[in-house]
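Dear colleague,

I am passing this structure on to you, together with some notes on what came out of going through it. Please look at it first and then read on.

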Amino acid sequence: MTPPFPMTPPFPMTPPIRTVGVVGAGTMGSGIAVVVAQAGYRTILRDLDEANLARGLDTARGFLSRSAAKGKLTPEQAGSAIANLSGTTELGDLAGADVVIEAIFENLGVKQRLWADLDGVVSPETMLHTNTSTLPVTGIAAGSKGPNRVIGTHYCNPAPLMKLVEIARGRHTDDITYQRTLEFMATLGKTTVTTKDQPGFIVNRFLIPWENNVLRALEAGLGTVESIDLAVTSGLGHPMGPFRLLDVVGMDIHKEVAMRLYEQFRDPRFAPPPIVDRMVAAGDLGRKTGRGFYTYDDDRLFGA
Amino acid sequence: MTMPADPGSFERVAVLGFGTMGAGIAQVVARSGRGVTVLETGDDRLADGRRRVEGFLTDGVGRGKLTSDDREAVLRRITGTTDVAALAGSELVIEAVVEDRDLKAELWPRVSEAVGTGAVLVTNTSALSVTDLAATVPEPSRFAGLHFFNPAPLMKLVEVVRALRTAPEVITALTGFCESVGKTPVVVKDRPGFLINKLLMPYLNDVIQAYDDGLAIAADLDSALELGLGDRMGPMTLLDVIGLDTHHHATTSAYEATLDPQFAPPPLLSRMVAAGYLGDKSGRGFRAGGGLENPTEESS
């Protein structure tokens with residue numbers, strides 16, 4: 001597969017993107033690595049931990065192989081994407097990266113330190129993408145000597161299947177970085193929306209109060225889990241009812257994201273209703289524990 | 001009150017009002033093979049309503065959803081009248097007149113007198129209290145809400161609203177009736193917004209406020225929420241389709257009934273209604289007609 005180049009580079013001084021580093025080999029990192037490798041970029045997945053890295057690479061390669069088995073990719077496409085993908089535990093191996101996509105633990109200090117560590121490694125033209133979902137892009141960018149090259153690129157889970165990426169500029173993100181990022185996303189086949197650097201960007205900003213309201217409706221006896229899911233799917237056309245969705249997301253994750261938004265907005269609509277704590281305490285997290293609002297025979301998450 | 005032998009059969013149905021909702025509901029009921037009598041205030045309004053049904057059915061024929069024979073059969077089963085007395089013998093009355101409490105409260109006792117105490121009475125209100133309207137007729141235990149969504153022929157969901165005094169067998173019969181006309185019934189409490197609008201209105205208000213605050217342009221808010229949240233139609237487009245005046249009225253009613261700030265109409269919504277920017281119906285709204293001339297949006 002030939003590496004993709006921006007069609008008409010508006011900024012001739014910037015090099016074409018060939019190599020992309022993805023930092024963090026968890027669910028999001030390995031999913032993003034799949035997207036980038038599939039688009040033809042040399043993709044280096046980095047994780048501090050050897051075992052995490054191996055698991056992330058396995059997940060990414062497994063996804064690509066299953067996509068080929070299901071006929072969603074040709075064997076050549078899957079093979080070439082797998083060949084584009086490599087792993088490392090050494091940050092120094094990202095030296096040649098034209099873009100680094102950060103998908104590590106949601107902790108401001110840890111993310112800032114990563115950018116600081118990368119200051120001495122990558123070129124002064126490397127774009128720094130953060131996949132944070134709830135932290136301020138501007139705050140993360142403050143860890144870098146080049147905050148003008150840091151921008152929020154928030155992928156949805158599962159990254160290989162969801163088309164949407166939210167783009168959020170920090171206070172110091174420059175126009176070149178913003179434009180090049182939009183072009184890069186187009187080469188990944190993603191649909192971008194541009195939003196402000198605000199907690200939750202667009203999707204989580206509206207999803208969390210929506211889910212909280214649905215939970216409150218359940219607690220208030222306005223319906224049952226089944227009747228509310230049925231009303232929302234048949235009345236609003238959502239592909240999945242809100243309780244099914246919470247089971248997929250996981251109650252622990254819903255609580256975490258809701259609390260982070262609540263802490264920043266100080267608006268009670270974001271605070272998780274009491275049922276969330278109860279279900280987390282009971283271990284009823286959803287699909288991953290086999291029980292949430294519904295019960296499940298297996299703990300398989302979304303596949304290819 | 002005498003329930004039909006087969007709960008939910010309701011062979012003779014009356015619909016009050018031949019506007020958008022009344023026409024849609026009359027069509028749904030007539031398609032199930034039942035005879036429908038529609039009450040309106042004048043012959044011109046009856047003609048308008050019949051044209052609505054014809055237009056909808058003709059589109060359906062064009063899209064291969066039904067044959068022209070089906071269309072004619074459905075239209076034959078719908079009879080218009082301006083005389084309340086012509087509703088005598090109706091087993092089920094579905095009221096879909098303008099969302100005005102006083103108007104409904106004046107109409108119901110007259111209709112109730114014409115149909116007698118044997119008929120089941122339902123209101124398609126989305127914003128008013130069903131329990132309050134039930135108090136306008138003798139034997140309120142046979143009164144409930146049957147909340148269809150717009151466009152009624154296409155939307156599967158019907159909220160069956162249990163008012164404080166509604167008898168359980170009435171709810172059972174109405175649930176069966178909804179299923180027999182091909183709808184998905186969900187039984188809900190008589191609270192402002194019932195279930196779906198109680199969830200939807202705060203969400204729409206929140207999106208309007210965020211748009212006014214410049215979180216993103218209208219098209220990007222729609223794409224993000226279609227792709228990320230699963231909305232079939234993004235909230236800005238949905239508001240244009242619903243009508244900004246309709247949403248404004250509904251959310252204001254819910255706010256007045258609850259004093260819950262989630263329902264308070266955002267200032268931009270009120271201003272757009274004042275400016276005549278009502279969405280698709282006026283040719284201009286959040287997306288319709290290119291949106292606002294002076295959007296407050298300033299992202300990117």
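What distance separates the centres of domain 1 of chain A and domain 2 of chain A, taken over C-alpha atoms? The two centres are 28 Å apart, with the domain assignment of chain A placing domain 1 at residues 19-195 and domain 2 at residues 205-289.

Please keep in mind that this is a predicted model. The mean pLDDT of chain A is 93, and 93% of its residues reach 70 or more, but over residues 1-9 of chain A the pLDDT stays under 50, and for that stretch the model has 13 contacts beyond four places in sequence.

Turning to the two chains, 33 residues of chain A are in contact with 33 residues of chain B. On the side of chain A that touches chain B, the elements that contribute two or more residues are strand E7 (164-169), strand E8 (191-195), helix H7 (203-219) and helix H8 (225-236) of chain A, and of these H7(A) gives the most, with eight residues. Sorted by class, that side of chain A has 19 nonpolar, eleven polar and three charged residues.

Helix H10 of chain A, residues 251-265, may also interest you. Its 15 residues should span 21 Å at 1.5 Å a residue, and this agrees with the model, because the end C-alpha atoms are 21 Å apart. The buried residues in H10(A) are A:Met251, A:His254, A:Val257, A:Ala258 and A:Leu261; they cover an arc of only 135° around the axis, and therefore lie on the same side of H10(A). Among the elements that cover these buried residues are H7, helix H9 (242-249) and helix H11 (274-281) of chain A. Just after H10(A) comes A:Arg266, which takes a positive phi of about 55°.

Finally, a note on one residue, A:Ala68, which is found in helix H2 (residues 50-69) of chain A. A:Ala68 counts as partly exposed because it has 19 C-beta neighbours inside 10 Å, whereas a residue would need 20 or more to be called buried. Leaving aside residues up to four places away in sequence, A:Ala68 touches A:Leu73, A:Thr74, A:Pro75 and A:Ala78. The C-alpha atom of A:Ala68 is separated by 32 Å from that of A:Gly292, which is 224 residues away along the chain.

With best regards

Key. Residues are numbered from 1 along each chain as its sequence is written. Chains are lettered from A and ligands numbered from 1 in the order in which they are written. This is a predicted model: local features need pLDDT of at least 70, side-chain atom pairs count only at pLDDT 80 or more; totals for chains, interfaces and linings use all residues. pLDDT is the predictor's confidence in each residue, from 0 to 100. Two residues are in contact if their C-beta atoms, placed from the backbone, lie within 7 Å. Helices (H or I, at least four residues) and strands (E, at least two) are DSSP runs, numbered from the N terminus. Ala, Val, Leu, Ile, Met, Phe, Trp, Tyr, Cys and Pro count as nonpolar, Asp, Glu, Lys and Arg as charged, and the others, Gly among them, as polar. A residue is buried if 20 or more other C-beta atoms lie within 10 Å of its own, exposed if 12 or fewer, and partly exposed in between; C-beta atoms are placed from the backbone. Domain bounds come from an automatic or database domain assignment. The expected span of a helix is 1.5 Å times one less than its number of residues. The arc is that of the directions from the helix axis to the C-beta atoms.
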